[in-house]
Amino acid sequence: MANKDMEVVKGLDLERYMGRWYEIASFPSFFQPRNGENTRATYTLNGDGTVHVLNETWSSGKRDSIEGSAYKADPSSDEAKLKVKFYVPPFLPVIPVVGDYWVLYIDQDYHHVLVGVPNRKSLWILCRDTHIDEETYKSLLQKAEAEGYDVSKLHKTPQADPPPASDENPTDKGIWWIKSLFGK
């Protein structure tokens, strides 16, 4: 099933998509701390149509973050195939790292979303709230499986309720990125 073309959302309303999304579950990846919790993304629409991306996570009680941008992979297409770009290391942004961000499913209220990549090595379940009901979660798992994802790799992300506040001036910006290279 992994060889079939992946279905993506068409006609994504970027303005409605903006705001904060909490990570409910994801495939573990080298670029996120293994013990990360309260992971979230905040999207802000820029005047040029690109999106400012702020990814935050808490590890061992400390906030870590990275900022980047997102843009449509093909501006003439109505498919929700985006590219995200971060500069690494975050504290001295010199190397651009670009990845895919495909919106595979979003509910009509823009409350929960399934995001993946074409090689099916990354998957995220995001929600506007810190928690999602089990029925919705299982429905998203089924949608991911139908797109060829091995959902047994999903790791649920611990979320506090209420979520922690952001520190507008983090002192250790990007340190998590270096630690993640060493499996921390």
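Buried residues, defined as those under 20% relative accessible area with a 1.4 Å probe and protein chains only, make up 45% of the 184 residues in the protein. The structure is a predicted model, in which local features need pLDDT of at least 70, side-chain atom pairs count only at pLDDT 80 or more, and totals for chains, interfaces and linings use all residues. Residues are numbered from 1 along each chain as its sequence is written, and side-chain values use heavy atoms, with hydrogens and water left out.

The secondary structure comprises three helices and nine strands. Helices (H or I, at least four residues) and strands (E, at least two) are DSSP runs numbered from the N terminus. Their order from the N terminus on is α-β-β-β-β-β-β-β-β-α-β-α. Of the contacts with a separation of 6 or more, 55% are accounted for by residues 24 or more positions apart, where contact means heavy atoms within 4.5 Å.

Several strands are paired, a term that requires DSSP to find at least two bridges between two strands. Strand β1 (residues 19-26) pairs with strand β2 (residues 37-45) in the antiparallel sense over four bridges, and R20 stands opposite T42 in β2. An antiparallel pairing over seven bridges links β2 to strand β3 (residues 51-59); here R40 has E56 in β3 as its bridge partner. The two strands β2 and β3 form a hairpin with five residues between them. In the turn of this hairpin, G49 has a positive phi of about 90°.

Strand β5 is joined to two further strands. Strand β4 (residues 62-72) pairs with β5 in the antiparallel sense over five bridges, and the bridge partner of Y71 in β5 is K83. Eight bridges join β5 to strand β6 (residues 95-106), and these two strands run antiparallel; L82 has Y101 in β6 as its bridge partner. In a regular strand the side chains alternate between the two faces of the sheet. In β5, the covered face consists of L82, V84, F86 and V88, whereas K81, K83, K85 and Y87 form the uncovered face.

One cavity of 30 Å³ or more was found in the whole structure. The largest cavity has a volume of about 50 Å³ and is lined by L14, Y17, M18, Y43, V51, A70, L82, V84 and Y101. Two or more of these lining residues come from each of α1 (14-17) and β5 (81-88). The lining contains nine nonpolar, no polar and no charged residues.

The second largest pocket holds about 210 Å³ of space. Among its 13 lining residues, the closest to the centre are P28, Q32, P33, R34 and H155. By class, three residues of this lining are nonpolar, eight are polar and two are charged.

Residue E147 is placed in the loop between α2 (134-146) and β9 (155-156). At 8% relative accessibility, E147 counts as buried. A polar atom of its side chain lies 3.0 Å from the backbone nitrogen of E7. Not counting residues up to four places away in sequence, E147 touches K4, D5, M6, E7 and R120.

Conventions: Buried means under 20% relative accessible area, exposed over 50%, partly exposed in between (1.4 Å probe, protein chains only). A polar contact is a pair of N or O atoms within 3.5 Å; within protein, one must be able to donate a hydrogen and the other to accept it, and residues adjacent in sequence count only if both atoms are side-chain atoms. On a 1 Å grid over the protein atoms alone, a cavity is a set of points where a 1.4 Å probe fits but cannot get out, and a pocket is an open set with protein on both sides within 12 Å along at least five of seven lines; lining residues have an atom within 4 Å of a point. Grid points are joined across faces, edges and corners, and a volume is the space filled by probe spheres set on the points. Ala, Val, Leu, Ile, Met, Phe, Trp, Tyr, Cys and Pro count as nonpolar, Asp, Glu, Lys and Arg as charged, and the others, Gly among them, as polar.
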